[in-house]
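Trainee: Could we go through this one together? I have a few questions ready.

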Amino acid sequence: MPYLSSGCLSTKNIQQDSLPPLRSYQKEAVKAILKSIQHLDRMHVLELPPGAGKTRTANEVIIAYLRQNPGQKVLWLAKDWVLLEQASSALAAGWGMSGEI
C-alpha cells in the first residue's frame, strides 16, 4: 500500500482506516477529473465548500490515476505542512479502500 511521507510515495504497509463512501457529487467530480486528466497539459483544481470532502475526493482521483498510470507522479500543494500531513494520512487510509466508482 503506497503512502506519502515528506512528499514521497512509498510502499510500506499501513493499516487501513474505514472511510465513508463517496457522495454522489464526489463521484461525479472524480469521474469528471479522471476524464479531463487525459489532457496532461492541464492542471486540475478541485473546489468544494468546507466540509464537502475535498481531500477524500482528491485522494480517490489520485489513487485511480496512479493505478491506471504506474510510475507517474502527483503533486499535492498546500499552504502549510499540517495540511500536507493530513492529505498524506488520508491517502494512506484510502489506498486500499478505493474503487467504488
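Trainee: What share of the accessible surface of the chain belongs to carbon and sulfur atoms?
Mentor: Keep in mind that we are looking at a predicted model. The accessible surface of the chain comes to about 7000 Å². Of that surface, the part belonging to carbon and sulfur atoms is 54%.

Trainee: Thanks! And in what order do the elements of the chain run from the N terminus on?
Mentor: The chain has three helices and two strands. Reading from the N terminus, the order is β-β-α-α-α.

Trainee: Where do Glu 60 and Arg 56 lie?
Mentor: The two are four residues apart, which is about one turn of the helix. Both belong to the element spanning residues 54–68, helix 2.

Trainee: Is Glu 60 buried or exposed? And what about Arg 56?
Mentor: A residue counts as buried when its relative accessible area is under 20%. Glu 60 has 5%, so Glu 60 is buried. Arg 56 has 16% relative accessibility, so Arg 56 also counts as buried.

Trainee: Last one: what percentage of the contacts with a separation of 6 or more comes from residues 24 or more positions apart?
Mentor: For background, the chain has 101 residues, and 31% of them count as buried. Among its contacts with a separation of 6 or more, the share from residues 24 or more positions apart is 64%.

Definitions and conventions:
Residues are numbered from 1 along each chain as its sequence is written. This is a predicted model: local features need pLDDT of at least 70, side-chain atom pairs count only at pLDDT 80 or more; totals for chains, interfaces and linings use all residues. Side-chain values use heavy atoms; hydrogens and water are left out. Buried means under 20% relative accessible area, exposed over 50%, partly exposed in between (1.4 Å probe, protein chains only). Contact means heavy atoms within 4.5 Å. Accessible areas come from the Shrake-Rupley method with a 1.4 Å probe; for residues, only the protein chains shown count as cover.
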